[in-house]
Amino acid sequence: MVAELGPPQFRHLLDVGGATGTWTLAFLRAVPEAQARLFDLPDAKPLVEARLAQTPLGNRIRFVGGDFYRDPLPTGADFAWLSAIAHQNSRQQNRELFTKVWTALEAGGRIGIRDVVMEPCRTRPVQGALFAVNMLVHTKGGGTYTFQEFAEDLQSAGFRNPQWVIRREDMNSVILAEKGQG
């Protein structure tokens, strides 16, 4: 998937909710001169450190503990990656998170969102429709969203030019949007 994205050009990645760093490592393998901050709950730190100890890329990654619902995100990145996060949130929570990402990014930076993206009919992809039921049962406000809903929520946070760049039937669709130059 990283190769499908180009890979994106960036100097500093912010992997929001990056868990043990699977996506961070994939992006850094594709962009050898880049650095990354992996932001996740403090409890993830030992898992991240154990994983990074097994790779030569560990010296290019810094773990930052925090809760993206409550804490500000680390600043200075020019690319932020949110993988499989949006579906657990309500649209309002996504707008708040996208605003935090917008604030954390440098001017001209971009956000990448990997998640289920629904067609306007909301019944396709079928996996996404079924997953929406799962989110209804297991989260306070989560669900699956259409590209138009993602675009509206990104634009409300200040992003521009949202694009659905990878279309998949599962959770591997990707939307990119830009933070303006100023």
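Is A151 buried or exposed? With a relative accessibility of 5%, A151 counts as buried, where buried means under 20% relative accessible area, exposed over 50%, and partly exposed in between (1.4 Å probe, protein chains only). A151 sits in helix α5; helices (H or I, at least four residues) and strands (E, at least two) are DSSP runs, numbered from the N terminus.

A word on the model before going on. This one is predicted, so to speak of local features a pLDDT of at least 70 is needed, side-chain atom pairs count only at pLDDT 80 or more, and totals for chains, interfaces and linings use all residues. Residues are numbered from 1 along each chain as its sequence is written, and side-chain values use heavy atoms, with hydrogens and water left out.

**Strand β1 and its neighbours**

Five of the five residues of β1 are buried, so the strand is largely enclosed by the rest of the structure. Both of its faces are covered: H12, L14 and V16 are buried on one side, L13 and D15 on the other. From β1 the chain passes through α1 to β2, a β-α-β crossover that is right-handed, meaning that with the strands pointing away from the viewer, the path from the first strand over the helix to the second runs clockwise.

Strand pairing here asks for at least two DSSP bridges between two strands. The pairs look like this:

| Pair | Sense | Bridges | Residues facing each other |
|---|---|---|---|
| β1 and β2 | parallel | five | L14 and R37 |
| β1 and β4 | parallel | four | V16 and L82 |
| β8 and β9 | antiparallel | four | I166 and V174 |

For the last pair, a hairpin of six residues links β8 to β9.

The largest pocket has a volume of about 290 Å³. Its lining takes in 22 residues, with G17, G18, A19, D40 and I85 nearest the centre. Two or more lining residues come from each of β1 (12-16), α1 (22-30), β2 (35-40) and β4 (77-83).

As for how that was worked out, on a 1 Å grid over the protein atoms alone, a pocket is an open set of points where a 1.4 Å probe fits, with protein on both sides within 12 Å along at least five of seven lines; lining residues have an atom within 4 Å of a point. The volume is the space filled by probe spheres set on the points.

**Two positive phi values**

A19 turns up again in the loop between β1 and α1. Its phi is near 50°, a positive value in a residue other than glycine, and at 38% relative accessibility A19 counts as partly exposed. R122 is another non-glycine residue with a positive phi, near 65°. R122 lies in the loop between β6 (117-118) and α4 (126-138) and is partly exposed, with a relative accessible area of 36%.

**The core**

Which residues touch the most other members of the largest nonpolar core? They are V16, F98, V101, I111 and F159, out of 27 residues. Such a core is a set of buried Ala, Val, Leu, Ile, Met, Phe, Trp, Tyr and Cys residues joined through side-chain atoms within 4.5 Å. Elements giving two or more residues to this core include β1, β4, α5 (147-156) and β9 (173-178), while α3 gives the most, with four residues.
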